[in-house]
Amino acid sequence: MTSRFPGRALRGAVAAAATIALGAGLVGCGDNSGSSKDGGSQGKDTVTVAFRTPNWILPISAPGFTQGENAIFGQALYRSLYQYRLDGTAQYNIDPERSMAEPPQVSDDGRTLTITLKDNSWSDGTPITTRDIQFWYDLVTANKDKWASYRAGGFPDNVDEWSIKDEKTFSITTTEVYNTAWFVDNQLNRITPLPQHAWDKDSATADVSDLASSPEGAKKVFDFLIAASKDPKTYDSNELWQVTSGAWKLEKYVPNGEVTLAAEPNYSGTDKPKLSKVVLRPFTSDDAEFNVLRAGDIDYGYVPAANMSQTSYLESKGYTVSPWYGWSITYLQLNYNNPKSGVLFEQPYLRQSLQMLIDQPTISKVIWSDTAAPTCGPVPAKPGTNTDTAGCVYSFDPAKAKELLESHGWKVTPDGQTTCQSPGTGPNQCGEGIAAGTPLEFTVTSQTGFAATTKMFAEIKSQMAKLGIQLTIKEVPDSVAVTPTCEPTEASCSWDMSFFGSQGSWYYPAFASGERLFATDAPVNLGSYSNPEADKLIEATQFAGDESALTAYNDFLAKDLPVLWMPNPVYQVSAYRSGLQGVEPQDPMNLMYFQDWSWK
Amino acid sequence: MSTLSEAVGPAEPTDTPPRGLWRQGLTVFCENRLALVGLGLFVLLAGVSFLGPLVYQTDQVHTDLASVHLAPGEQGHLLGTDGVGYDQLGRLMLGGQTSIIVGLAAGVLATIVGTLLGAIAGFFGGWVDAAVMRVVDAMMSIPSLFLFMLLAAIVTPSAPMLILIIGAFAWLGPARLVRGEALTLRSREYVQAMRGMGGTGGRAVRRHIIPNAIGTVIVNATFQVADAILYVAYLSFLGLGIPPPAANWGGMLSDGLADTYSGHWWLLYPPGIAIILIVLAFNFIGDGLRDAFEVRLRRR
């Protein structure tokens, strides 16, 4: 008798045996060392970086191509008008050294911003002028529906007048008097000068003209540039991409493979590259990357959360390990439009009880190995500063959470099923729309592939079970995709809670206002949270002239809990050779400035 | 494919084999030392998993972040604790229950469905056979692990759901095997005689085809169980298993691998070894049963 089954089963057993044998070997070699400990690369002028292959080169964002690696790659070749830093030393957070223009001058009525360009030139020697700014403006205004950064009512809809004064000066008059900090940080951050003298045409063979100055022409030019950007295999050969403004030029590009950047000899910025080449090397998985990092074959990589215990080993091999804090917040999204659980989430006392069952400091310390920090509200704490919930309105307090539930008519059954015992809208009752016997049971849609996230929800589930609140954890590859904004009548509205914050839920631009997150009908308000008071405060952040509006908005939402605040993980834990200088500080807004890097 | 019946001549037209045959089969099974080792391993693992918690009681519901990654022996945890403070030995017992229950249930489900469909297809032939076997061929052309992963990603994994998912695709093998047996058995004189006397096709399948293919079915069932246990392990290893606080050995092994470099060996070895032992146990038992049902081997 022959059967495929015994062979397969035995092979499976052998595979399992091989797995633990491999593990045994690796466990056994956990403390070995022996390679160079200097961490340097004397004589080297090249750096190899673990980096996903970028797939977009045009410095105008397009839907589906907004990944972080594209932004870093784009900035290396094409500088934005303004660069930002969050150390609190600069006006409007503008980085004065890296930016291509002086900070804007604001008119007395607050509506007009006049911007003066610094002396800069393209890689072919042509000066960068307001003509290049106008070219960018013509393209995005004529094609805003194809621009990933466009939001109705935002830039350029909120521009009343766009005026070029001369080759170095232009002005923007807004439709209303906005908070200048908000406008500079969250609107002007999109402007990127484009080489009009090389790109203003609608085909590779056409001559450069003023085609984009008309809306119809701008559409043709835009389509031509988009098509070229969607053809990665020609990135290193297409003449379009040879004219750059950044510190680097593209020397070699392999689709889905390695990318080599070479220092641009004609770079006109003050932050000249110190290395001659940067090699961006992609990996198929975290494990593959970590194995190569461990072997010392790359100069800059990252440590997956599951391998944080290897920090000392990497340090012994000459690497510096450093968390990369993001200008971000992390939260558990609640679906207020869910026909069943929405009425529960509408009750502030219930949201407060749930929040008080999340032990953010301990989860950050134990499960995230100190690579996460508590989130207390919608405005991020200064990166790397908050380590406990001292500033949070609701800290971990199961006893108080229980008391809160019982005082609102719930029969709390520890390790059982807590149910509503006193329905009604009175102060001691469950609340509107909650029937007697309603159980507190929710499903969390979380992410696969993150061991720390799985453990974190095991802990939260355990804490909630102690008060009879039953959580079911469902892990999916893309939790955002399956928990969309929805109406109660839609089948897709059956989700209760959604988590997508294993590397931070939301990264802000320099000004951390919440118009895209927590305003009624905001594009990323997945749970359809709506509070008129919050809307007012969010709107105020765009118009108020000082930080008090942002503080008021933060304080209100920190207390109102539109979502459940969760430990905010770092973007990644970087590991780089100790001989590599200039990596720090790592930009909280997730950009990398390779021109600052050098070898000791 | 088995040709057992052809090798030994026509089987007796009987509903139940003579008691002597069972006793003889048991003797042959007991002569196979590896089969006895397999049986012993299974009894041991099942005993530890299901009876162990009565003796060694641990909290496998609530996490304890103050007691994570304790080494074996620390604070009374014989096999240490894992990354959220669960006692590792208690977790092995809980994981064993899930792995064995899901493995056995999925294996039995696949065997029952496969045997019924295979017997019907083989006995009736014609369009019934063509339809069933084309479905089998089509489903076999897709790697089953991918199908499991797809389904497990769509639905929320739970023990009953895993049993259904694995059982829904694992019946293909038994169906092919039993169909082959049925093709041979349907032309036997006793089956023809029964049909000649007015017996229905259903009765022929129920009373003659399946009982006479029972050896193949039982042997195959043991391998199905081993396969199902491995599938549960695969799915859990890929993060598609039953979420905490439930546990199974595959998921524990996956978690343990994340700690490979940390020196927390107690999170890696025990679940891995348990998977190897349970799969080997069922393979040994299957080999022993094959010997027991293989009439030719009884003469050695």
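**Figure 1. Chain B reads α-α-α-α-α-α-α-α-α-α-α-α-α along its sequence.** This is a predicted model. Chain B holds 13 helices and zero strands. The chain has 300 residues, and buried ones make up 53% of them. Now look at the contacts in chain B with a separation of 6 or more. Of these, 73% are between residues 24 or more positions apart. The chain exposes about 12900 Å².

**Figure 2. Helices α4 and α10 of chain B cross at roughly 115 degrees.** Helix α4 of chain B covers residues 88-124, and helix α10 of chain B covers residues 201-212. Their axes come within 10 Å. The crossing of α4(B) and α10(B) is right-handed. Which residues make the contact? From α4(B) come B:Thr115, B:Leu116, B:Ala119, B:Phe123 and B:Phe124. From α10(B) come B:Gly201, B:Gly202, B:Ala204, B:Val205, B:Ile209 and B:Ile210. Sorted by class, the contact of α4(B) with α10(B) has eight nonpolar residues, three polar ones and no charged ones.

**Figure 3. B:Pro160 sits in helix α7 of chain B.** This helix runs over residues 159-170. Is B:Pro160 buried or exposed? Its relative accessible area is 53%, so B:Pro160 is exposed, the cut-off being over 50%. Compare B:Pro160 with B:Val225, 65 residues away along the chain. The C-alpha atoms of B:Pro160 and B:Val225 are separated by 15 Å.

**Figure 4. B:Cys30 is a partly exposed cysteine of chain B.** The relative accessibility of B:Cys30 is 38%. Partly exposed residues fall between the buried limit, under 20%, and the exposed limit, over 50%. That is why B:Cys30 counts as partly exposed.

**Figure 5. A disulfide joins A:Cys376 to A:Cys392.** The S to S distance is 1.8 Å. The link of A:Cys376 and A:Cys392 is left-handed, with -70 degrees about the S-S bond. The pair links distant parts of the chain, 16 residues apart. Where do the two cysteines lie? Both A:Cys376 and A:Cys392 are in the loop between β13 (372-373) and α12 (398-406) of chain A. A:Cys392 has 12% relative accessibility, so A:Cys392 counts as buried.

Figure 6. A:Cys420 lies in strand β15 (residues 419-420) of chain A. A:Cys430 lies in the loop between β15 and β16 (441-447) of chain A. The two are ten residues apart and link distant parts of the chain. A:Cys420 and A:Cys430 are both buried.

**Figure 7. A:Cys486 and A:Cys493 form a disulfide.** Here the sulfur atoms are 2.0 Å apart. Which hand does the link of A:Cys486 and A:Cys493 have? The torsion about the S-S bond is about 65 degrees, so the disulfide is right-handed. A:Cys486 is buried, and A:Cys493 is buried too.

**Figure 8. The disulfides of chain A follow the pattern 1-2, 3-4, 5-6.** The numbers count bonded cysteines along the chain. How many disulfides does a search of the whole structure find? Over all chains, the search finds three.

Conventions. Residues are numbered from 1 along each chain as its sequence is written. Chains are lettered from A and ligands numbered from 1 in the order in which they are written. This is a predicted model: local features need pLDDT of at least 70, side-chain atom pairs count only at pLDDT 80 or more; totals for chains, interfaces and linings use all residues. Side-chain values use heavy atoms; hydrogens and water are left out. A disulfide is a pair of cysteine sulfur atoms within 2.5 Å. Helices (H or I, at least four residues) and strands (E, at least two) are DSSP runs, numbered from the N terminus. Buried means under 20% relative accessible area, exposed over 50%, partly exposed in between (1.4 Å probe, protein chains only). Contact means heavy atoms within 4.5 Å. Accessible areas come from the Shrake-Rupley method with a 1.4 Å probe; for residues, only the protein chains shown count as cover. Axes are lines fitted to C-alpha atoms, for helices over the stretch in contact, and angles run from 0 to 180 degrees between N-to-C directions. A crossing is left-handed if the near helix is turned anticlockwise from the far one by less than a right angle, and right-handed if clockwise. Ala, Val, Leu, Ile, Met, Phe, Trp, Tyr, Cys and Pro count as nonpolar, Asp, Glu, Lys and Arg as charged, and the others, Gly among them, as polar.
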